[in-house]
Structures are given as C-alpha cells and as structure tokens.
Amino acid sequence: MSIEEIFHQYLDSKVFRDREKLLPDYVPEELPHRDEQIVTLAKVLAPALTGSRPSNVFIYGLTGTGKTAVTKYVLRKIREKAQHKVDYVYINCRQNNTSYRVLAELAKHLGVKVPFTGLALGEVMKRLVQGLERHRGIIVVVLDEVDNLVKRNGDDVLYFLTRVNEELTSSKVSVIGITNDLKFTEFLDARVKSSLGEEELVFPPYNAVQLEDILRRRAREALKDGVVDDEVLKKVAAIAARQNGDCRLALDILLKAADIADREGADKITQVHVDKARNEIEKNLAVDIIKTMPLHVKLVLASIYLLSRDNSSRMITTGLIYDKYKELASKLGMEPVTSRRISDIINELDIVGIINARVISLGRYGRTKVVSIGVPLKNVEEGLASDSILKTLFGIG
Ligand SMILES: Nc1ncnc2c1ncn2[C@@H]1O[C@H](COP(=O)(O)OP(=O)(O)OP(=O)(O)O)[C@@H](O)[C@H]1O
C-alpha cells in the first residue's frame, strides 16, 4: 500500500466518525452509572463556589472505575459555575513520580519559576507558598495515582499541601488524592492520613450491563451509525466485566477492534475483530507484567519457561523449579531465595495468570504442585528477553 492509499483509507474511514472520542483521556459530556459519585463529589467541592475551602478528598477504586473522569468532570463544572476564582491542577504521580516533579508541575501551573531539577525541596515549597498566595483564590490539587509518589518518596508533598493553608491568607488549597491501591496509606503519617481523608469516596467496579451502556454511548460519538451491533458491545462488556469491571479495558478493546476493522477496510466491527483486539491487548499486558517483575520473580519464571521449553513432556513440579532456579541464580552469582519464597512467587505468578498451578496427589509420596505457563511461550520470552541479564545468560529471545 502506498502512503497516499494509507492516508486516503484513514480519511475515508467507514468505521470512525471521531476516533478521539474513544481515547482514554477524553472525558465525555455524560458519565452514566456514576451519578452517586458525581453528586457526592459535587457536594464536597461545592463550598468552592462561594470561596470557602472544600474538604480534602481521598478517592479509591479499582482501575477503570471512572475516578479520574468523574473528578475532572466535576471540577470543570465547578470552575464554570464559580463566582470566585477557582482553579484546579491535575498531576499524574505515575508520570511525575518524585516529590520534586510533582511540586514543579504545580509551580508550572501557578506560573512560578522552578528549574527542571536542582533546587532543595524546601526552596521549591517556599516559592510555591508565594505563588499560591498570589493566586488569590481556591486551588484544588488533584494527585492521581498518588500511591506511586508516596511509595517512592514518602509523604512530604502531601504533608506540605495539607498544611500549607496555615501559611496562606488570600488563597486556599484543597487536595484530591486518587488511588487504586489502599495499602499505600500505611506509609502515611497519621496526621496526613486524617487530613487527606476528610472525605472519602469509593468507586465500585462496573457490571456488564453498565459497561455495555457506557460503550454504546461512547460508540455513538466515535463510530459511524450501524458499525457496531449490540452483540459485539455485549461481548466487549462481558470481557471487561470479568476483569474487575474495568471501563478502560472495555474502551481499549473497542478502539483496537475498530482500528483493526478500519485497517481491513471493513464497514462493520465483528466478534472476530474483538477476538483479535483482545489477543493483542492480553499479549501486551502479559509482556508488560513480566517486564516490571523483580529479578527473582523473573528468575523463577525463567526457570519454568526453560523447563517447559526444553522438556515439554515432563510435569513441572515445585521441586524441579527450585533446582532450576538455584542453577540460574548460581550462574548469576546471586544468593538464592528460600524455597518458601519460591512457593510464594509461584502463587503470585498464578494469581496474575502468567502460570497455572494445581496441586496433585502423589499417592503415598504426598502432594505436590504442578505448574504450566498460562500465556503463549513467545510472550514470556519477549518479556524476559527485555531484561539484559537474562537475555545474555540464558540465550532467551
Ligand atoms: N461512566 C462512564 N462513562 C463513560 N466513560 C467512562 C465512564 N467511566 C469511565 N469511563 C472512561 O473509562 C476510561 C477509564 O476511566 P478513568 O481513567 O476515569 O478510570 P480510573 O478509575 O481513573 O482508572 P485508573 O486507576 O486506571 O486511572 C476513561 O476513558 C473514561 O473516560
């Protein structure tokens, strides 16, 4: 296909009306099945309309439950309606995962000059206090995926932001912390924890019927009429409902299926397109999970991988895995972890679906766990091969 033909096909899409509307960052004009959360958050933030400081809010919910979308939606509405100066800053703490970077983002928003790196945190905070004071209004700081920041850098930023009002006279700061991992609150100072949690909001997962409804509305905006049938939407919704009711995943699959259909020049998205999209996403997911595993977990997985690859007929027992793991660890000159830890790692790998483990009885020899790889071997290979140590040592990839 020539480049002209590719562009022509894209411009002449039979599938898309407005592809943007399926992208994860787009916040639609309506967010069905989140009325309760929208109303609660609106009530908490409403004091901002008349210039009072709203309570800080802590928002928790699994991934893809609409936390970010609802927060941005309500804040936009408040900003439109407010008689006083109300502003908000959205900072994603996965992308900005150090205290310095989070504060520098806030500084940028306030027009405060802070170099990209190099100042002491205390100095950045001092400049921020001046910037906030000049702002003369209410400013809501949204820290999305805040667990990433706290786990790496502690709670300095949260401490600063929840205390800074004591130093301000003409501005007020509120914080909204969003997370899908409640465990991080263990890392918080008790005072920070209680001020961040002045109000708490929980976002439950969507069910299949709700997801189908959301998909239908997003599809109406993004796709041409008649391109996607109800059965197809039902299928996508059912897949995402099984994965903790994750709306992000539902939209991801629909977008990918639409892209595949579009590239094929089809005028309808079929179940086959959905299957292809799902395979592609699952493959990426497995590879990503493996890439970010700690080294010893990768080594255990590499042991299972090598045992499956080289000895496909043999049952892979915990004992065999431990022997193989010790062999690999010694080649690397590393101290092996205990067999008990290996058992835990095997359970962890089982839970995320990278391997399947089941216990079998060996009659009078007792019981053992038998393991098999739960995703295509080539995905495991790709994930492990991205680790330079594993790649060179074992010739994987
Ligand atoms: N009720 C809804 N109606 C329409 N789209 C929605 C709804 N809820 C979520 N979405 C969409 O689903 C995607 C994921 O939502 P969002 O980013 O708000 O989830 P989240 O809970 O913040 O997840 P994460 O923890 O992964 O950031 C976004 O594209 C968002 O627009």
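This note goes through the predicted model point by point.

1. Ground rules. Residues are numbered from 1 along each chain as its sequence is written. Because the model is predicted, local features need pLDDT of at least 70 and side-chain atom pairs count only at pLDDT 80 or more, while totals for chains, interfaces and linings use all residues.

2. Layout. The protein has three parts: domain 1 (35–203), domain 2 (207–289) and domain 3 (293–394). These bounds come from an automatic or database domain assignment. The centres of domain 1 and domain 3, taken over C-alpha atoms, are 42 Å apart.

3. Burial. Of the 397 residues, 37% count as buried. Buried means that 20 or more other C-beta atoms, placed from the backbone, lie within 10 Å of the residue's own.

4. Cores. A nonpolar core is a set of buried Ala, Val, Leu, Ile, Met, Phe, Trp, Tyr and Cys residues joined through C-beta atoms within 7 Å. The largest one holds 48 residues. Among the members that touch the most others are Leu103, Val141 and Leu143. A second, separate core has 32 residues, including Val227 and Ala258.

How values were computed
Buried ≥ 20, exposed ≤ 12 C-beta atoms within 10 Å, placed from the backbone.
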